[in-house]
Amino acid sequence: MSGEAQNDVIINRLIDKMTLFDDNLMSLVFGQNIEATEQLLHIIMERHIKVVSVEGQDEFKNPVIGGRCITLDIHAIDINGRHIDIEVQVNSEGGHVRRARFHSSMTDARMLREGQDFKELKDSYVIFIYDHDKFRKGLPFYHIQRRVDETGESFGDGSHIIYVNGRYNGNDEIGHLMQDFHQCKPEQIQNKILSNAVAYY
């Protein structure tokens, strides 16, 4: 077998082991795929979301020279102008909770143009789909909201962070979705839209 053929075999084996927890595959499957992104968000946000644009591997440059930039796995915008950042996370090293804060601030910074009033700032969502249970409580979701300490009331600034437990395997929509995220083979993915998209790539 030639060196080139050997490389092809190795590459194909690596591809065969990929799941939707690989950010490259995930970005390909959902990037430009409004139907798949709407279905993903419907399950995670537990309501219908009408997506108008979605892009995979969307790079956000830091306006500060030497400042850290980020690349969003999936950047979606819904019909109401809300920006939604969807990230997959396998290892815990890149999963510090301050990462969510940074992603949220980088997303917010791009929403207003010069002269726009702050009240025009749309809601933003940062969604982390973890391969493990980030907070180890066995729940499918963990919703992070700012609150007023003294009253317990929501601050209502429109900033939303959601952690998804990738190890949750309940007999419900999110449980089935997380099982699909762990499948290597498209034919084992129950969700037909995701199965077809994974098979394509």
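Biologist: From where are residues numbered, and what limits apply to the predicted model?
Modeller: Residues count from 1 along each chain as its sequence is written, and side-chain values use heavy atoms, with hydrogens and water left out. In this predicted model, local features need pLDDT of at least 70 and side-chain atom pairs count only at pLDDT 80 or more, while totals for chains, interfaces and linings use all residues.

Biologist: How many bridges join S2 to strand S3?
Modeller: Two strands pair if DSSP finds at least two bridges between them. S2 also pairs with S1 (residues 51–60), antiparallel and through eight bridges; Val51 there is partnered with Asp78. S3 spans residues 83–89 and runs antiparallel to S2, and the number of bridges between them is four.

Biologist: Which residue in the turn between S2 and S3 has a positive phi?
Modeller: Within the pair, Ile74 is bridged to Ile86 of S3. The two strands form a hairpin with four residues between them, and the turn residue with a positive phi, about 85°, is Gly81.

Biologist: Which side chain makes a polar contact with that of Gln89?
Modeller: Gln89 is placed in strand S3 and is buried, at 6% relative accessible area. A polar contact is a pair of N or O atoms within 3.5 Å; within protein, one must be able to donate a hydrogen and the other to accept it, and residues adjacent in sequence count only if both atoms are side-chain atoms. At 2.3 Å, the partner of the Gln89 side chain is Arg99.

Biologist: What is the relative accessible area of His103?
Modeller: His103 is placed in helix H4. Contact means heavy atoms within 4.5 Å, and leaving aside residues up to four places away in sequence, His103 touches Ile70, Leu72, Asp85, Glu87 and Val126. His103 is buried, and its relative accessible area is 3%.

Biologist: At what distance does the side chain of Tyr142 reach the backbone nitrogen of Lys137?
Modeller: Tyr142 belongs to strand S5 (residues 141–144) and is buried, with a relative accessible area of 9%. Beyond four places in sequence, its contacts include Asp133, Phe135 and Tyr163. Its side chain reaches the backbone nitrogen of Leu139 at 3.2 Å, and that of Lys137 at 3.1 Å.

Biologist: Which element gives the most residues to the lining of the largest pocket?
Modeller: On a 1 Å grid over the protein atoms alone, a pocket is an open set of points where a 1.4 Å probe fits, with protein on both sides within 12 Å along at least five of seven lines; lining residues have an atom within 4 Å of a point. The largest pocket has 14 lining residues, with Ala100, Arg101, Arg146, Ser159 and Ile161 nearest its centre. Two elements give two or more residues, H4 (97–108) and strand S6 (159–165). With six residues, the element that gives the most is H4.

Conventions. Buried < 20%, exposed > 50% of the residue type's maximum accessible area, 1.4 Å probe, protein only.
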